[in-house]
Amino acid sequence: MRSVFTGDMYNGNRLSRSEKNDQGFYREILQRIYFLLEDMIKRHSCVFLVRFDLRYPDNSASHYPNNNALVSQFIEAFTRYCSRENYDPRYLWVRELSDTGQFHYHFMLLLNGNRIQCGYILISRP
């Protein structure tokens, strides 16, 4: 069973509340986010953070595997690109099941902010 944190502050950082997370936050995820941020701040004087979602097309659950194989391939290729550009990528992702029965993924990507300051570079690459 996962441990749920219901406070408004975590390790001195204020948590944002919404209807979706009104029952709290998973401690394990909060701790991982905290460690990732601390590590990147120690490694670089500037950190570029991007939060994004990956979703399969609507009504396509039967066309895609019910595992993390595709997202693992995506993140492997994406971090390889970021590493070649010396962005020093770190990331966290979680899989969530939507009300429609399809999985989607929430990502947090942290990069060396001294090397990149604009996310457009990431989505416009050839």
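Phenylalanine 74 counts as partly exposed because its relative accessibility is 29%, where partly exposed is the range between buried (under 20% relative accessible area) and exposed (over 50%), using a 1.4 Å probe and protein chains only. Phenylalanine 78, in contrast, has a relative accessible area of 10%, so this residue is buried.

A word on the source: this is a predicted model, in which local features need pLDDT of at least 70 and side-chain atom pairs count only at pLDDT 80 or more, while totals for chains, interfaces and linings use all residues. Residues are numbered from 1 along each chain as its sequence is written, and side-chain values use heavy atoms, leaving out hydrogens and water.

**Rings that meet**

Both phenylalanine 74 and phenylalanine 78 belong to helix α2 (residues 69-84), where they sit four residues apart, about one turn of the helix. Helices here are DSSP runs of H or I with at least four residues, strands are runs of E with at least two, and both are numbered from the N terminus.

How many aromatic pairs does the structure hold? There are eight. Rings of Phe, Tyr and Trp (its six-membered ring) pair if their centres lie within 6.5 Å; planes under 30 degrees apart count as stacked, over 60 as edge-to-face and the rest as tilted. Here are two of the pairs:

| Aromatic pair | Kind | Centre to centre | Between the planes |
|---|---|---|---|
| Phenylalanine 5 and tyrosine 10 | edge-to-face | 5.3 Å | 80° |
| Phenylalanine 74 and phenylalanine 78 | stacked | 5.5 Å | 15° |

Phenylalanine 5 and tyrosine 10 are both buried. Phe74 and Phe78 also belong to a cluster, linked by ring pairs, with Phe52, Trp93, Tyr105 and Phe107.

**The sheet and its helices**

Now look for the open sheet of three strands, ordered β5-β7-β6 with antiparallel pairing. Two strands pair if DSSP finds at least two bridges between them. β5 (47-55) and β6 (90-97) are the edge strands, each pairing on one side only. From one strand to the next, the twist averages 15°; axes are lines fitted to C-alpha atoms, for helices over the stretch in contact, and angles run from 0 to 180 degrees between N-to-C directions. Nine bridges join β5 to β7 (residues 103-112) in the antiparallel sense, and arginine 55 has histidine 104 in β7 as its bridge partner.

Helix α2 packs on this sheet, touching β5, β6 and β7, and its direction makes about 15° with that of β7. Contact means heavy atoms within 4.5 Å. Helix α1 (residues 27-43) lies across β5, β6 and β7 and runs at about 160° to β6.
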